[in-house]
Amino acid sequence: MDPRAERIYAAADFLKQRIGGLEPEVGIVLGSGLGKLADSIMNPLVIPYKSIPGFPVSTAIGHKGNFIIGELGGKCVIAMQGRIHFYEGYPMDMVTLPIRIMKVIGIKYLFVSNAAGGVNYEYKVGDLMIIKDHINQLPNPLIGPNLDDFGPRFPDMTRPYDLKMIARAEEIAAELGIKVHKGVYYGGTGPTYETPSEYKYIRIIGGDATGMSTVPEVIVARHSGIPVFGMSVITNEAHDDYAEDFENNGHDVVVAADAAADRMCSIFKKLIESL
Ligand code: HPA
């Protein structure tokens, strides 16, 4: 068997044994500073990444390293408290391993979240953006021999983010009185934040928010036909002007994400309820 598949099935078998009879229907990836959504999960079973055979460990700030299985919005969910980033030095099959494990476990939907820089001039710190599409500037995680058990060689990307879930999330946000944007997420490698010219470039090519994650996970989920819903928390605004009094840093990003986490969490919860 392909060693990548062996690793996926071994980790999935381990997790299945640990979760007993539970059958998570929704997978959730919690981005920088958003890990506290996991506190809303009822009857949580916590499984540290480091206990799972072959599993990479998240080293990024604002990321714990646990799967949390429990109930949210009346459904059984499996949440990743902390994700694996390409900039940490892991190859793409490790960055996306958790998604494939969750696929084998049987998830029917994937929810992704991240902290992102606002590139669209309308976006302010603390705003939420529903991801309607992405631009991938990371290496494609499907490069290499295709894992036929998981999906086709040339996956369609016409609807990367599920249109029904987007529409429902917009209704939910309106009902809850939460302002949301809907835009395009640009995924770069990091770990540097963008230069002023790079922020301009992202805006010109159609990006509304930029970050260092999410796209590989979404590509791998879509490869396996899993419908995806995603949201970004805008944690900083793009500076095009070589400002002398501004600096991007990881700490401020985590603080801003934490402040918006409750709003994102209520939308996720209601959307899960409505599935
Ligand atoms: N750029 C890239 N990644 C990010 C940013 C940003 O401005 N903010 C949070 N993650």
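A residue is counted as buried when its relative accessible area is under 20%, and as exposed when that area is over 50%. The structure described here is a predicted model. By this criterion Thr214 is buried, with a relative accessible area of 0%. Thr214 lies in the loop between strand S8 (209-211) and helix H6 (215-223), and its backbone takes a positive phi of about 70 degrees although the residue is not a glycine.

A positive phi also occurs at Asn43, where the angle is about 50 degrees and the residue is again not a glycine. Asn43 belongs to strand S2, which spans residues 42-48. With a relative accessible area of 67%, Asn43 is exposed, because this value is over the limit of 50%. A further backbone feature is the cis peptide bond from Gly190 to Pro191, with omega near 0 degrees. Pro191 is placed in the loop between strand S7 (180-187) and helix H5 (196-204).

Helix H5 has four named buried residues, Pro196, Tyr199, Ile202 and Arg203. These residues cover an arc of only 125 degrees around the axis, and therefore lie on the same side of H5. In general, an α-helix has 3.6 residues a turn, so residues three or four places apart point the same way. The partners of the buried residues of H5 are S7, S8 and strand S9 (228-237), against which they pack. Just after H5, Gly206 takes a positive phi of about 110 degrees.

Tyr199 of the buried set in H5 is also one of the residues around the ligand. In the side chain of Glu194, an N or O atom is 2.7 Å from a nitrogen atom of the ligand. Backbone atoms take part as well: a polar backbone atom of Gly117 is 3.2 Å from a ligand nitrogen, and one of Ala115 is 3.4 Å from a ligand nitrogen. Taken alone, the ligand exposes 260 Å², of which the protein buries 96%.

The largest nonpolar core comprises 81 residues. Within this core, Ile28, Phe67, Ile101, Met102, Leu110, Phe111 and Phe229 touch the most other members. Helix H7 (residues 250-273) makes the greatest contribution to the core, with ten residues. The surroundings of Phe229 illustrate the packing. With residues up to four places away in sequence left out of account, Phe229 touches Leu110, Phe111, Val112, Ile130, Met165, Ile166, Ala169, Phe268 and Leu271.

The side chain of Arg83 reaches the backbone oxygen of Ser113 at 3.0 Å. A polar contact of 2.8 Å also joins the side chain of Arg83 to that of Glu217.

Asn146 occupies the loop between S6 and helix H4 (163-176). Its relative accessibility of 17% is under the limit of 20%, so Asn146 counts as buried. The side chain of Asn146 forms a polar contact of 2.8 Å with the side chain of Asp148 and one of 3.0 Å with the side chain of His223. When neighbours within four places in sequence are set aside, the contacts of Asn146 are Gly151, Pro152, Arg153 and His223.

Asp133, in strand S6 (residues 128-136), is partly exposed, because its relative accessible area of 32% falls between the two limits. Beyond its neighbours within four places in sequence, Asp133 is in contact with Pro160, Tyr161, Gly183, Val184 and Tyr185. Asp133 and Tyr49 are separated by 84 residues in sequence and by 29 Å in space, C-alpha to C-alpha.

Definitions and conventions
Residues numbered from 1 in each chain as written. Predicted model: local features only at pLDDT ≥ 70, side-chain atom pairs only at ≥ 80, totals over all residues. Heavy atoms only, no water. Buried < 20%, exposed > 50% of the residue type's maximum accessible area, 1.4 Å probe, protein only. Arc of directions from axis to C-beta. Contact = heavy atoms within 4.5 Å. Near = heavy atom within 4 Å. Polar contact = N/O pair within 3.5 Å; in protein donor to acceptor, adjacent residues only side chain to side chain. Areas by Shrake-Rupley, 256 points an atom, 1.4 Å probe, with all protein chains shown as cover. Core = buried A, V, L, I, M, F, W, Y, C linked by side-chain atoms within 4.5 Å.
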